Amino acid sequence: VNVYLLSLDIRKADAVFLNVCAMLVFAAQIGFAMLEVGSVRVKNTKGILLKNVMDLCASAVSFFLIGYGLALGKSVGGGVFGGRVGDGFAMRTDNLSGSEATGDVVVSYTQAFFTMCFSATSATIVSGAVAERCSFRAYFVAATLVSGLIFPVVVHWSWGDDGWLAPVRSQHKLLSSVGVLDYAGSGFVHVVGGCAAFWLTYLIGPRQGRFTKGKRAPNPMPQQSPVFQVIGGLIMWYGWYGFTCGSIKTLAGPRIASLARVGLIHTLSGAVGGCTVMAIDLYLEPNVFMPFRMIYGSLSALVAASASAAHIHISISLCIAFVAGFIYVITSHLMTHVWRLDDVVDAVPIHFFNGIWGVIAAALFSDKRFLQQTYGEAYAGCGLVYGCAKGPAVLGNAMLYIVSIIIWVTVTFVPVMWLIKKYGWLRISSEQERIGTDAALHGGESYPEFQSAIFNFKDKIT
Amino acid sequence: VNVYLLSLDIRKADAVFLNVCAMLVFAAQIGFAMLEVGSVRVKNTKGILLKNVMDLCASAVSFFLIGYGLALGKSVGGGVFGGRVGDGFAMRTDNLSGSEATGDVVVSYTQAFFTMCFSATSATIVSGAVAERCSFRAYFVAATLVSGLIFPVVVHWSWGDDGWLAPVRSQHKLLSSVGVLDYAGSGFVHVVGGCAAFWLTYLIGPRQGRFTKGKRAPNPMPQQSPVFQVIGGLIMWYGWYGFTCGSIKTLAGPRIASLARVGLIHTLSGAVGGCTVMAIDLYLEPNVFMPFRMIYGSLSALVAASASAAHIHISISLCIAFVAGFIYVITSHLMTHVWRLDDVVDAVPIHFFNGIWGVIAAALFSDKRFLQQTYGEAYAGCGLVYGCAKGPAVLGNAMLYIVSIIIWVTVTFVPVMWLIKKYGWLRISSEQERIGTDAALHGGESYPEFQSAIFNFKDKIT
Amino acid sequence: VNVYLLSLDIRKADAVFLNVCAMLVFAAQIGFAMLEVGSVRVKNTKGILLKNVMDLCASAVSFFLIGYGLALGKSVGGGVFGGRVGDGFAMRTDNLSGSEATGDVVVSYTQAFFTMCFSATSATIVSGAVAERCSFRAYFVAATLVSGLIFPVVVHWSWGDDGWLAPVRSQHKLLSSVGVLDYAGSGFVHVVGGCAAFWLTYLIGPRQGRFTKGKRAPNPMPQQSPVFQVIGGLIMWYGWYGFTCGSIKTLAGPRIASLARVGLIHTLSGAVGGCTVMAIDLYLEPNVFMPFRMIYGSLSALVAASASAAHIHISISLCIAFVAGFIYVITSHLMTHVWRLDDVVDAVPIHFFNGIWGVIAAALFSDKRFLQQTYGEAYAGCGLVYGCAKGPAVLGNAMLYIVSIIIWVTVTFVPVMWLIKKYGWLRISSEQERIGTDAALHGGESYPEFQSAIFNFKDKIT
């Protein structure tokens with residue numbers, strides 16, 4: 001009797017714990033909105049705010065209607081195309097009787113809430129990259145598509161009970177029975193969102209005046225407020241605890257030790273990532289050191305830590321964060337100076353490239369004992385550097401996972417957005433872009449008392 | 001022995017859980033302050049900030065001294081006028097001995113903390129409605145009155161163990177033994193605060209220049225910052241999880257299943273409410289779609305969801321949120337264009353009208369099995385649409401509850417504020433309003449470095 | 001078997017609880033950054049933001065590498081100079097085997113995370129005091145020194161198992177076996193940070209133009225935004241729940257009753273502190289009542305409450321908060337008008353003087369039964385006013401503790417900063433200070449779209 005009561009307790013504790021973590025992930029969304037609005041010009045303030053609120057709302061609805069079943073329903077076709085949509089639709093578990101309601105239903109409710117908040121994050125990554133020029137309806141389609149279809153399928157791969165890449169898959173004959181190590185979504189959140197952001201940035205083209213022909217460096221664009229950037233970034237760092245801590249999913253068994261490590265690793269990763277970019281920037285150009293760069297360094301390290309936070313030594317996690325800082329600085333430079341892509345909030349360097357690094361790092365450095373704490377005693381894989389028999393398979397699966405995500409995002413996302421572009425709906429008109437979304441589409445300037453005087457004045461003296 | 005230890009554990013878990021939820025409700029207060037300051041003109045920035053900080057502080061003190069006993073003390077006179085003030089004063093439970101301290105005392109402490117945060121919310125609803133013209137001392141009286149007297153009595157009605165409308169009332173012969181369904185305060189927080197806001201808006205009159213005689217539409221007033229509006233609204237949405245999740249109050253028994261559903265319903269309600277207003281606004285005026293409207297749609301849906309979040313099917317909650325969006329749009333139009341009341345943050349449409357809708361919706365659509373999960377197996381009522389014997393009584397009680405709240409708020413709040421108005425203390429002077437509260441009362445402009453140049457310049461060119 | 005499982009549960013619950021509290025303390029850091037940026041001039045926006053992000057990052061790393069061992073390692077030399085650094089370095093506990101991992105390792109991880117967030121707070125107190133003129137590298141040294149060395153040693157004194165002043169010290173023959181009462185860091189966080197802030201403010205001198213020779217009152221300096229000040233202050237109040245609630249550290253035993261009281265006391269203290277400063281300010285100068293003053297009153301009361309929140313009667317805590325409001329108003333006046341020290345965010349009045357008051361108040365008013373709930377049945381001390389045998393020793397230890405902290409901070413912090421000053425690295429150049437850190441060091445103005453027009457315009461008309 002007692003053991004039964006106790007196991008019930010664990011479910012309750014799990015439900016409360018996961019609810020709190022889901023709320024934190026929700027808070028990260030606030031940080032996203034704040035960081036993005038801090039990075040755009042004053043004339044596009046309302047536009048970017050609306051996109052952030054809308055993607056939160058639209059993601060929740062589309063994940064609820066379609067995504068939940070795809071992500072956490074019973075596998076269809078070996079788990080490659082996600083779970084049964086019908087398993088999630090309108091949360092059929094509502095209909096279970098009261099006595100059963102204390103068990104699996106609770107788990108499915110809380111996991112739905114938790115994963116729903118993840119899906120909003122995955123979608124919102126795109127909004128920052130194409131800020132100041134993407135049309136509202138095109139972004140509506142992009143957000144709905146990512147959170148309702150693209151993201152959930154990848155979640156199913158690595159988190160679903162029978163996902164083809166899940167490390168906890170019960171009857172795992174495929175892929176050497178080790179699945180992929182993506183503890184808190186370096187792959188299914190950040191590579192997914194980052195890859196979509198990359199493609200949309202490419203398809204939509206740069207903001208007016210961002211690049212000049214024949215000039216390698218981009219023209220600097222004003223950013224509205226370093227306060228919003230930094231406070232927003234810190235709120236993301238705060239909310240991100242929900243991702244990394246919550247992904248432990250249940251407090252049952254020895255994985256509590258993994259959870260405890262995660263809080264530390266999360267904090268230290270952000271710290272080391274920030275310090276690394278600080279050191280690089282101060283070394284390269286001591287007198288133009290910008291706060292948003294340091295915050296982006298922290299966020300890059302959080303992305304990279306997400307795949308491995310529960311099953312890695314703390315000292316190694318510091319090294320992963322250190323490398324993440326470099327990857328951010330380098331790929332950010334590549335984006336603007338080499339590929340000449342106009343990603344307003346460096347979403348691609350932070351989420352895409354460091355998401356890939358996170359998945360690879362997890363495959364290289366995860367410790368077997370910690371993996372068993374997290375995924376169960378039966379788990380046989382380990383990070384490549386520890387030299388166990390399944391090590392190469394773990395790394396191979398990580399590569400396969402990254403490639404699969406890129407292909408999946410590309411074949412589902414690009415054709416739709418390409419069609420939208422073809423019909424001229426992808427981008428706001430040139431005139432709207434010039435006067436700004438606020439005046440053109442959202443009822444007037446965002447700071448009327450300040451702007452009217454300033455910009456009238458500007459017009460007069462120039 | 002084990003069962004005893006276990007039940008102790010539940011109390012502990014409850015205390016921790018309710019503390020976390022109370023903190024979240026506190027966070028909602030931060031969102032309120034931010035949303036309100038974003039909605040006023042620059043010249044009244046410090047004024048509205050001070051009112052928000054003051055109502056938080058004054059509410060806590062007045063709820064502690066008077067309100068707690070009224071709300072959660074032993075019933076006096078059948079629970080109509082609340083509980084014994086003396087039960088709460090200075091928290092006499094301090095004096096209980098250590099051994100008892102692990103039981104009821106813990107519960108009373110945490111419920112006091114939790115309900116105290118609710119009371120601040122109830123008071124703060126008023127501040128936004130009468131922003132930019134209400135005097136500091138008049139608002140001080142209003143806030144103290146609402147949180148120390150008006151709100152606690154209504155809490156006692158539906159949450160007190162022997163409140164005359166409490167669904168969990170042990171010896172419930174009145175009202176067909178079903179009480180009223182107001183799970184997380186659509187009525188006792190939002191109808192209460194919204195009704196007080198309505199009356200004060202009516203008594204105080206509009207801001208200077210808001211309405212022109214003979215012109216139906218109000219004159220637009222600048223709003224300081226859409227960023228503060230949206231970020232503040234999102235922080236409210238985040239903190240609101242504390243309301244809806246915390247109102248489950250104890251993790252004991254099967255109600256954990258209700259809790260798990262609440263997180264989902266809360267998130268989806270906000271999402272659907274926001275999307276509904278978005279769709280309406282885009283349909284009516286495609287090119288003046290404002291971010292604060294979408295956020296107000298989300299908040300309206302959260303208000304409407306509060307009465308029923310624990311005992312409703314998820315798919316029905318989506319419909320409630322959808323209707324809430326329409327109610328917001330319609331009543332917001334009625335307020336400004338028909339009744340010509342100047343409610344700066346749409347507090348009345350959001351809190352009053354959607355609070356009423358929430359209480360009615362709970363009486364219409366609550367599922368009996370979920371009600372029993374939440375209020376105990378003995379609960380015999382159900383939503384009207386499910387056709388159980390007590391269904392009509394549930395709806396009747398809801399109507400009685402709404403009418404009672406409106407009468408109670410009116411007879412306690414209006415005479416006091418009317419007297420204050422009669423003595424000329426309700427509103428700042430016309431001159432103070434013209435130059436703004438900041439310069440007149442709070443030591444100077446809020447953004448001296450920006451404003452001095454801009455407004456000097458304005459004076460010169462105009 | 002059941003009891004074992006249950007005690008395991010408590011550890012798990014502790015880990016989750018402390019993780020959540022650590023996240024809240026992290027959130028307080030966001031509030032700090034926001035409050036500070038709101039208090040500086042526009043031209044130093046990026047500078048102060050960077051210092052806040054940097055001190056968070058640098059603190060985490062230096063606490064991890066050095067501080068953790070000093071703070072919570074096995075005592076060296078009777079606990080006077082902290083614990084063994086090697087106990088913490090790189091978290092050797094990583095190496096423990098899986099089966100042990102559910103016990104002490106979890107505790108050490110979570111305590112490391114929790115205390116790490118405290119250390120960042122202790123360091124960040126300094127940044128606000130010397131804002132707008134301290135060089136980045138000097139502040140880097142200060143932050144690293146405080147969080148890596150100065151703070152951890154004091155933590156060890158009162159929190160370490162064998163700290164020489166710890167109330168829970170097992171074999172406590174020193175100091176009448178009662179240690180010092182510093183529940184949540186009035187001393188080890190706020191007196192430490194406040195004392196360092198005092199010295200650095202003294203060493204670095206005031207901002208250009210802050211004081212005029214022969215004129216007693218300081219010249220007012222513009223503050224950027226009352227919104228950031230107030231919202232930042234409220235976020236601190238919110239995050240501070242992590243300090244006071246989390247310091248209970250374990251949910252085992254009867255201390256849950258203390259925890260439940262803490263939430264109430266925390267909320268009420270902030271409320272009373274704010275109201276007190278409001279009343280004083282309205283009494284002294286009714287028409288220049290500023291919002292930041294009220295928030296500073298709340299924060300002062302939170303500092304003062306931190307030492308005693310778990311073991312004091314609620315009604316007495318209100319009195320402590322009331323006195324804290326007066327202490328803030330008086331010492332703030334002393335700082336600016338008598339000692340002519342330029343402390344940009346009143347860090348010294350809030351943290352240093354009210355930290356001292358908090359430690360003394362705990363020694364005066366702590367109730368014996370609550371102390372036993374918090375520190376175990378064997379604890380023999382009580383607040384002086386209750387007249388138990390060990391009362392005078394409790395007060396004596398509090399005095400010794402305060403004096404020891406001041407000496408410790410002075411001998412470790414002052415020589416280092418004095419050397420830095422001697423080599424001319426302490427302060428930015430006079431020219432950099434004139435044009436502002438943003439333009440001089442951080443890539444240009446913070447609000448380019450607003451500032452370019454305004455400040456060009458200013459130059460033209462003046």
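Chain A exposes about 13,700 Å². Carbon and sulfur atoms supply 66% of that area. Keep in mind that this is a predicted model.

Now the rest of chain A. The chain has 462 residues, and 70% of them count as buried. On secondary structure, chain A has 15 helices and 0 strands. What about contact range? Take the contacts in chain A between residues at least 6 apart in sequence: 77% of these join residues at least 24 apart.

Next, the core. The largest nonpolar core holds 512 residues. Which members touch the most others? Those are A:Y238, A:F413, B:Y238, B:F413, C:Y238 and C:F413. Helix α1 of chain B, residues 2-39, gives the most to this core, with 20 residues.

Last stop, a helix pair in chain B. That is α9, residues 314-338, against α10, residues 347-365. The packing angle is about 145°, and the axes lie 9 Å apart. The crossing of α9(B) past α10(B) is right-handed. Which residues make the contact? On the α9(B) side they include B:I316, B:I320, B:V323 and B:M335. On the α10(B) side, B:F353, B:W357 and B:F365 are among them. How does the contact divide by residue class? There are 14 nonpolar residues, 3 polar and no charged.

Key: Residues are numbered from 1 along each chain as its sequence is written. Chains are lettered from A and ligands numbered from 1 in the order in which they are written. This is a predicted model: local features need pLDDT of at least 70, side-chain atom pairs count only at pLDDT 80 or more; totals for chains, interfaces and linings use all residues. Side-chain values use heavy atoms; hydrogens and water are left out. A nonpolar core is a set of buried Ala, Val, Leu, Ile, Met, Phe, Trp, Tyr and Cys residues joined through side-chain atoms within 4.5 Å. Buried means under 20% relative accessible area, exposed over 50%, partly exposed in between (1.4 Å probe, protein chains only). Helices (H or I, at least four residues) and strands (E, at least two) are DSSP runs, numbered from the N terminus. Axes are lines fitted to C-alpha atoms, for helices over the stretch in contact, and angles run from 0 to 180 degrees between N-to-C directions. A crossing is left-handed if the near helix is turned anticlockwise from the far one by less than a right angle, and right-handed if clockwise. Contact means heavy atoms within 4.5 Å. Ala, Val, Leu, Ile, Met, Phe, Trp, Tyr, Cys and Pro count as nonpolar, Asp, Glu, Lys and Arg as charged, and the others, Gly among them, as polar. Accessible areas come from the Shrake-Rupley method with a 1.4 Å probe; for residues, only the protein chains shown count as cover.
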